Amino acid sequence: MIEKINNLKKEILDKLSEIKDSKALADLEVFYLGRKGEFTKILRDISNVVPEKRAAMGKAANQIKKEIQEKVNEFKMQFESKETQEGEEDITLPGVKFETGHLHPITQLQYEMEDLFTSMGFMTLSGPELESDYYNFEAINIPPYHPARDTQDTFYIDSKNKEGENDLVMRTHTSSVQVRAMQKHGAPLKAIVPGRVFRSEATDVRHEHTFYQVEGFVIDRDITFSHMKGILELVGKKLFGPETKIRMRPKYYPFVEPGSNGEYTCFLCHGKGCNLCKKTGWLEILGSGMIHPNVLRAGGIDPDEYQGYAFGFGLNRLAQLRYKTDDVRLFNSGDLKFIKQF
Ligand code: PHE
């Protein structure tokens, strides 16, 4: 019996010397020393040995088992230290970059505008995206059936008011917050309203159904068009550089009188004319004008006492110009390849 045990010991030690990794070692351990292992079976057989010899044999067998187990443990430790060494990081390799997200380019621009305007004493306000027909159109001098509604067709929500009219729309511009702000804060008032707006557009590279604006308005005594021009010129210099000039030409919006657009000298060609500005030297960036008396009245402000100006920037247009993107729809696309560039 002892011979059998010694043979098995030799067999195990031979196999051990050939083993190359901890997985094979673990397998070997189970095969010989596990609960149903070869060596364990022999130990169990000792109970059949005649009682006189049993104790001595058991002792010898356990001694051999201990030796084998020690050998196995020794190998185990060797493999473990070798394997952790191999698994250790090579600190000369370039590190793994942690991916952190960043603000969407439109949001970056929006924050920039907010910083600029709050530094000039403007409040930042917001209003609902799902807006009443009243605040989006009627209150700002766009009555039902006014042709100006055609240029701002939007998504109407299927909910009727007492008169049976559809009276909820996705707001078509941030001008919807003008009268809300007047009603809430009264005059004098100096605020900007950044926000998301919606139009029923056949989309193309310059038109999106969902986009962003920054509205601004100032209401106080003795406010004139030149105050507005001064502020807007400053914004242009801040956005496109100190050389930037502004030009304002008449443009019709029902809620301002007089109304004007706002064009900045093209920051790419500095007014010489290039593809970006379609050879004009100017980029049209905003709508603006003196707030119409009807709008002030709707906001509970007496137009004989107060005047005001209002303007609206298209943030997508600004972003498109700044980053020279060729398709405005990319901003809403959720395409990470695009977004990660900013
Ligand atoms: N609301 C106008 C638009 O979306 C922009 C505008 C704002 C024009 C304020 C004049 C005054 O086109």
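A disulfide, in the sense used here, is a pair of cysteine sulfur atoms within 2.5 Å. In this predicted model, a search of the whole structure under that criterion returns zero disulfides. Cys266 is accordingly in no disulfide, the nearest cysteine sulfur being that of Cys269, 3.7 Å away. For Cys269, in turn, the closest cysteine sulfur belongs to Cys277 at 3.6 Å, which is too far for a bond. Cys266 counts as buried because its relative accessibility is 1%, and Cys269 is buried as well, with a relative accessible area of 10%.

The strands can be read from strand 9 (residues 282-291), which is mostly covered, nine of its 10 residues being buried. Strand 9 pairs with strand 8 (residues 256-265) in the antiparallel sense over eight bridges, and it pairs with strand 10 (residues 307-314), again in the antiparallel sense, over five bridges.

Turning to the helices, the axes of helix 5 (residues 105-119) and helix 11 (residues 315-323) come within 10 Å and cross at roughly 105°, so helix 5 is roughly perpendicular to helix 11. Helix 5 contributes Pro105, Ile106, Gln108, Leu109, Gln110, Glu112 and Met113 to the contact, and helix 11 contributes Leu315, Asn316, Leu318, Ala319, Arg322 and Tyr323.

Conventions:
Residues are numbered from 1 along each chain as its sequence is written. This is a predicted model: local features need pLDDT of at least 70, side-chain atom pairs count only at pLDDT 80 or more; totals for chains, interfaces and linings use all residues. Side-chain values use heavy atoms; hydrogens and water are left out. Axes are lines fitted to C-alpha atoms, for helices over the stretch in contact, and angles run from 0 to 180 degrees between N-to-C directions. Helices (H or I, at least four residues) and strands (E, at least two) are DSSP runs, numbered from the N terminus. Angles under 35 degrees count as roughly parallel, over 145 as roughly antiparallel, 65 to 115 as roughly perpendicular and the rest as oblique. Contact means heavy atoms within 4.5 Å. Buried means under 20% relative accessible area, exposed over 50%, partly exposed in between (1.4 Å probe, protein chains only). Two strands pair if DSSP finds at least two bridges between them.
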